[in-house]
Number of protein chains: 2
Amino acid sequence: MIDPLARLVGELSRLPGIGPKTATRLAHHVLKAPIGEARALAEALIEVKEKLFHCSTCYSITAVDPCRYCRDPERNRKLLCVVEEPFNIEPLERTREFKGYYHVLMGALSPQRGIGPDQITLGPLLERLEGVEEVILATNPNVEGEATALFLARLLKARGLRTTRLAFGMPVGGDIEYTDEVTLGRSLAGRQEI
Amino acid sequence: MIDPLARLVGELSRLPGIGPKTATRLAHHVLKAPIGEARALAEALIEVKEKLFHCSTCYSITAVDPCRYCRDPERNRKLLCVVEEPFNIEPLERTREFKGYYHVLMGALSPQRGIGPDQITLGPLLERLEGVEEVILATNPNVEGEATALFLARLLKARGLRTTRLAFGMPVGGDIEYTDEVTLGRSLAGRQEI
């Protein structure tokens, strides 16, 4: 393969979920596309690295510090929602159901991967609890997210805080027949009066 | 979403096969990765656009004109292999079975998409036939590739050239049970003595 093309395929292959075949297909698209398209993508790549950083309060991604969530005076100071990653915030915002503040852990506890309480933003979280009445644990519904939620719940309850976890259950629009038994079990256990 | 991030997601979404969800995942990877990685990808994108172009003889992608295939004196001038796109050459080269020259059509005939003989490199192909004895039609095994092969075969045979088509059949390592009936039909029709 000609050098510049091989180099582009190599760089694209470093992206998650992009194997050599997809990288080759993308590189050929770039070759065919107008140079303006390649330039716009190249500039956008550099811009996110140069202009964005983590909010010094909540660790979400932002171009100004504090971020737009932490700056928003309309939000409820009594509610704090804890997520693993910055990009977990936007799906929660889209629900329009939550009007409190956020805290990004920058990961989840994982003994296998050597990630303990010191590798997540636990210290900064504990320093933000003044005036907070409820902490909503919105870590991922997997083994690491569950372990992190349980660890935090123990710590926060000891400080007298109401600590809640996002509900588990059937996806809306889903089908009992195609819902796995673990989810269905959690859905049963969490059943509510109607 | 913050502007530079939304911009990167938008640019990534323009790539083929990359939807908004994949684009968001890739953008978050770039955010987390070292700036050197983003810069290397950005530079590789610009480099392929600035340094590569089509060979003036065969239309393959190259950084020098004529390309490394057209410059190679060891190849057999009597054999010309016709492909649809520049990236169809490399899989053929990897077989090590073909030692002739190539011609890239830069597309396939498609009345639905308004691509007729004037939109592919048919004229330059017809000007390259001196000394050629066999033209191998290596267009894709789909409706447009077949139509293109049939169209070219008629034209080339009228000029007294031997015109061949890549064989259709079962993939090596495949399974009759999982081979579709159209492929199996072609495989039967093209059966050979052993």
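Predicted model: local features only at pLDDT ≥ 70, side-chain atom pairs only at ≥ 80, totals over all residues.
Residues are numbered from 1 along each chain as its sequence is written, chains are lettered from A in the order in which they are written, and side-chain values use heavy atoms, with hydrogens and water left out.

**Exercise 1.** Describe the make-up and the extent of chain A.

Solution. Begin with the elements: chain A has eight helices and six strands, where helices (H or I, at least four residues) and strands (E, at least two) are DSSP runs numbered from the N terminus. Next, read them in sequence order, which gives α-α-α-β-β-α-β-α-β-α-β-α-β-α. Then turn to extent: the C-alpha trace of chain A spans about 65 × 45 × 35 Å along its principal axes. The radius of gyration of chain A is 21 Å, whereas a compact globule of 194 residues would have one near 16 Å; the radius is taken over C-alpha atoms, and the globule rule is 2.2 Å times the number of residues to the power 0.38.

**Exercise 2.** Work out how helices α1 and α2 of chain A are placed relative to each other.

Solution. Two packed helices are described by the angle between their axes and the distance between the axes. Here the axes of α1 (residues 3-13) and α2 (residues 20-32) of chain A come within 8 Å and cross at roughly 125 degrees; axes are lines fitted to C-alpha atoms, for helices over the stretch in contact, and angles run from 0 to 180 degrees between N-to-C directions. The pair α1(A) and α2(A) is therefore oblique, given that angles under 35 degrees count as roughly parallel, over 145 as roughly antiparallel, 65 to 115 as roughly perpendicular and the rest as oblique.

**Exercise 3.** Which peptide bond is cis in the stretch from A:Asp65 to A:Pro66, and where does A:Pro66 lie?

Solution. The bond from A:Asp65 to A:Pro66 is cis, with omega near -5 degrees. A:Pro66 lies in the loop between β2 (61-62) and α4 (68-71) of chain A. In chain B, the bond from B:Asp65 to B:Pro66 is likewise cis, with omega near -5 degrees.

**Exercise 4.** Is A:Arg96 buried or exposed?

Solution. First locate A:Arg96, which is in the loop between α5 (89-94) and β4 (101-104) of chain A. Its phi is near 60 degrees, a positive value in a residue other than glycine. With a relative accessible area of 74%, A:Arg96 is exposed, since buried means under 20% relative accessible area, exposed over 50% and partly exposed in between (1.4 Å probe, protein chains only). A:Met106, by contrast, is partly exposed at 29%.
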